[in-house]
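Reader: I would like to go through this model by question and answer. Please start with the terms and then move to the chains and their contacts.

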Protein chains: 2
Amino acid sequence: MTSITEVARRAGVSTATASRVVNDVDHPVSEATRARVLEAAAALDYVPNALARGLLKRHSPVVGVIVNDITDPYFAEVVRGLEDAASPAGFLVIICSSERDAERESSYVRLLRSLRAAGVVFAGSGRDDPAANEAMARHLAAMRADGAAVVHLSPHAFGEPEVTVDNAGGMVRLVAALVGLGHRRIAFLAGPASLYVAQERLAGFRAGLAGAGVAIDERLVVATAFGREGGAAGVDALLAGDAPFTAIACANDPIALGALQRLAERGIPVPDAVSVAGFDDVPMAALVAPGLSTVRLPLRDLGRRGFAATERLLAGETAAPEVLPAEVVLRASTGAPPPDPLPVRPGGATPRTGGPSR
Amino acid sequence: MTSITEVARRAGVSTATASRVVNDVDHPVSEATRARVLEAAAALDYVPNALARGLLKRHSPVVGVIVNDITDPYFAEVVRGLEDAASPAGFLVIICSSERDAERESSYVRLLRSLRAAGVVFAGSGRDDPAANEAMARHLAAMRADGAAVVHLSPHAFGEPEVTVDNAGGMVRLVAALVGLGHRRIAFLAGPASLYVAQERLAGFRAGLAGAGVAIDERLVVATAFGREGGAAGVDALLAGDAPFTAIACANDPIALGALQRLAERGIPVPDAVSVAGFDDVPMAALVAPGLSTVRLPLRDLGRRGFAATERLLAGETAAPEVLPAEVVLRASTGAPPPDPLPVRPGGATPRTGGPSR
DNA sequence: CTGAAAGCGCTTACAG
DNA sequence: CTGAAAGCGCTTACAG
């Protein structure tokens, strides 16, 4: 690779002048000199060394993004938005699939620090895990002290996220839509209790029910994994329980997709016997049959704004928290409640309505 | 951030010694000295500066991966495999969604060169585009000359890919499976003719038919876009044509998914009226109804081996081309041919079999 | 308008 | 076993 020294020599100027020209810096350079340098750079296929530049500037033109798993469409969308904003600004995006594992997350952040990344964006939710959070806090403090940007796109252990989506509000409106269809006994497959985003969505579920004046039956709130297997297990649990329900709201789309699949396996028609709704609006939601009712999140925009927040932080500005809207999308998986709620008892009767205190 | 100078000072040694210890280099260091350096590094939260190191070594510990679009599940899988292999080796993965645009691709590769990436992996197929290929060839020659690795995971303009999947063979076996079900009039939604991977799959389609002794009807081979919209348009074209068919093979899963959707919209039952098969086995293929018959590609493994090839190239070894197997997966979207092939004419009759020369 | 020189943080031949 | 010093490729105050 040719260096600026060679460009300077070919143009017959100092490296200082060559540097000023190729970086288009605000410093007077005669037109003739400028032209000679540009000609030399082009002739030598000069590509500046970002490593040398970064060594001086303390940062490299890259931002890392920590996701659970890049094959999860939720994160792929966010990363794409981030990339679309970063690349015109000359920043490259480093993908870090942590599987929500504290070790992996920490090892990625260390690698990012070592590369002197200009920023790190946490796309996914934090967990209620004091030990892991404390270790991460040290890393992040060091990055910030060094002038790097730290951006969160989901709720996490320390303060407000710089940019996020309206998880609670979206869930409130989804519950309102189900109540509007006539549902009163709505189950909730809640995801993992330790994940902050799941907590927000559960809070939205409770608030939605309260707002509609519907009492909550705690037996219908079941903690699950955050994937399809969680939805299948959740359906099994609800069906094995004795609390009646006519609809299932889920903390995210994979859970809902798993629920749909298990209901189909058990021969329970959706939405005739039970309505199902998800959250996120991943591409698959529109393609399954019946189409999944869900809450659409502006994920690509979330990524774009995440990079904008990174740039603001880098410029020393303070980023006011942004909350992006979440919109209910009704498809074929939701409808009016059936005359008899699930679960069906062996005798054919459905269990009586009743609270956990009964 | 603390530098090695500070670590050395705290340990009371030279930076040379400190460097040898923290890098665990093969050079004798007394145990006592080693312990002091390690203690100092830990106390100061020392994270080596990969920029400074890279400046010396000519490369940074990153590899770029050029994909069409990271939100496409095909590429997300490959990238995940690449990442899983790269990260234990201390390499970070930079994601570059080029949208198969020569400008974007070139601008990403320039950024990668500027960062002195140790390697660039082209995950997607090359195009038959002489101008773009020539410009890219210059970039890649420069990278190789500088000792960086260049790896292709799909057919491209210059020579064999270092690692790839058996596109033609997989398609041959898929066609054989359709013929085994009784199909003789098989349509092919071929993707874009300029994309090398589409060319390979089309070649496999022809070879599969020839191998089964079935004559090809060129009217049934239709060029399409590589996404769902291509599948929908392809179905419309076949239905508007006058060549009978009982099955539709597609150059990839998105095309097949689009075909399925359009057939459903037009009230044509699958597989009763027509069988449909895809290629890739993206996660969605198993979840749609009916489940999509397709060809499974070991995409994660492709990514992993792509990184292994990168490491070999970096070590100065020459990577012998690898071709990974492709396996037919039959689901519910394929079955026996119907008594009357599509398309149905207004009068209810199907057009007669006949070649384009008629 | 132009350039000489210092210095970012590291590694490594070389000397001892 | 240890260290002094050069040099990777850049940018930028400083001097002219």
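Author: A residue counts as buried if 20 or more other C-beta atoms lie within 10 Å of its own, with C-beta atoms placed from the backbone. The model is predicted.

Reader: What share of the residues in chain A is buried?

Author: The cut-off is 20 or more other C-beta atoms within 10 Å. Applied to the 358 residues of chain A, it gives a buried share of 49%.

Reader: Among contacts in chain A between residues at least 6 apart in sequence, what percentage joins residues at least 24 apart?

Author: Chain A has 13 helices and 12 strands. Of its contacts between residues at least 6 apart in sequence, the part joining residues at least 24 apart is 77%.

Reader: Which element of chain B gives the most to the side that touches chain A?

Author: The contact takes 38 residues from chain B and 38 residues from chain A. Elements giving two or more residues to the chain B side include helix 4 (50-57), helix 5 (73-86) and strand 2 (92-97) of chain B. By class, that side has 23 nonpolar, seven polar and eight charged residues. The most, six residues, comes from helix 5 of chain B.

Reader: Which residue in strand 2 of chain B is the bridge partner of A:Ile95?

Author: Strand 2 (residues 92-97) of chain A and strand 2 of chain B run antiparallel and are joined by three bridges. In strand 2 of chain B, the bridge partner of A:Ile95 is B:Val93.

Reader: Which residues of chain A is B:Val79 in contact with, leaving aside neighbours within four places in sequence?

Author: The largest nonpolar core has 194 residues, and B:Val79 is one of those that touch the most other members. With neighbours within four places in sequence left aside, contacts of B:Val79 in chain B include B:Val65, B:Val93 and B:Ala123. From chain A, the residues in contact with B:Val79 are A:Ile70 and A:Ile95.

Reader: How many charged residues does the surface near DNA strand C have?

Author: DNA strand C is surrounded by 27 residues, the closest being A:Pro28, B:Ser3, B:Ile4, B:Ser19 and B:Ala52. Elements supplying at least two residues of this surface include helix 2 (15-22) of chain A and helix 1 (4-11) of chain B. By class, the surface has 13 nonpolar and 12 polar residues, and the number of charged residues is two.

Conventions: Residues are numbered from 1 along each chain as its sequence is written. Chains are lettered from A and ligands numbered from 1 in the order in which they are written. This is a predicted model: local features need pLDDT of at least 70, side-chain atom pairs count only at pLDDT 80 or more; totals for chains, interfaces and linings use all residues. Two residues are in contact if their C-beta atoms, placed from the backbone, lie within 7 Å. Helices (H or I, at least four residues) and strands (E, at least two) are DSSP runs, numbered from the N terminus. Ala, Val, Leu, Ile, Met, Phe, Trp, Tyr, Cys and Pro count as nonpolar, Asp, Glu, Lys and Arg as charged, and the others, Gly among them, as polar. Two strands pair if DSSP finds at least two bridges between them. A residue is near a molecule or strand if its C-beta atom, placed from the backbone, lies within 6 Å of it. A nonpolar core is a set of buried Ala, Val, Leu, Ile, Met, Phe, Trp, Tyr and Cys residues joined through C-beta atoms within 7 Å. A residue is buried if 20 or more other C-beta atoms lie within 10 Å of its own, exposed if 12 or fewer, and partly exposed in between; C-beta atoms are placed from the backbone.
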